[in-house]
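Let's take a walk through a protein model together.

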Amino acid sequence: MNPKIKEIMVENKKLLDELKTQERSIAWLSRRCNITRAYMHKMVHGKRNFSELYKNKCADALRVKYKELFGA
């Protein structure tokens, strides 16, 4: 596995953990962020970069602080 992708997946682990805790799916999150499930899946799993816009939308949808999901 590409080291960069592995690093991104570790960064997004908090997001995946929060989805699991809330018993939510990537499809649910994509609907809340108004993007396709496929595109959200690619961002979560490191195939595409998360923009700040979508990071904020994810935090809002999950009702979690941005810093808790994405660090800095």
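Which residues in α3 are buried? They are Ile 26, Trp 28, Leu 29, Ser 30 and Cys 33, where buried means under 20% relative accessible area, exposed means over 50%, and partly exposed is in between (1.4 Å probe, protein chains only). Before going on, a word on the ground rules: this is a predicted model, in which local features need pLDDT of at least 70 and side-chain atom pairs count only at pLDDT 80 or more, while totals for chains, interfaces and linings use all residues. Residues are numbered from 1 along each chain as its sequence is written, and side-chain values use heavy atoms, with hydrogens and water left out. The helices (H or I, at least four residues) are DSSP runs numbered from the N terminus, as strands (E, at least two) would be.

So what do those buried residues of α3 pack against? Their partners are α2, α4 and α5, with contact meaning heavy atoms within 4.5 Å.

Take α4 to begin with. Helix α3 covers residues 26-33 and helix α4 covers residues 37-44, and the two pack at an angle of about 110 degrees with their axes 8 Å apart. Axes here are lines fitted to C-alpha atoms, for helices over the stretch in contact, and angles run from 0 to 180 degrees between N-to-C directions. That makes α3 and α4 roughly perpendicular (65 to 115 degrees; under 35 counts as roughly parallel, over 145 as roughly antiparallel, and the rest as oblique). On the α3 side, the contact is made by Ile 26, Ala 27, Leu 29, Ser 30 and Cys 33, and on the α4 side by Arg 37, Met 40, His 41 and Val 44. Sorted by type, the residues of this contact are six nonpolar, two polar and one charged. For that count, Ala, Val, Leu, Ile, Met, Phe, Trp, Tyr, Cys and Pro are nonpolar, Asp, Glu, Lys and Arg are charged, and the others, Gly among them, are polar.

An α-helix has 3.6 residues a turn, so residues three or four places apart point the same way.

Is Lys 55 buried or exposed? Lys 55 is buried, at a relative accessible area of 17%. Leaving out residues up to four places away in sequence, Lys 55 touches Phe 50, Tyr 66 and Phe 70.

Finally, check the loops. Most residues other than glycine have a negative phi. Arg 63, in the loop between α5 and α6, has a positive phi of about 55 degrees although it is not a glycine. Arg 63 also counts as exposed, at 76% relative accessibility.
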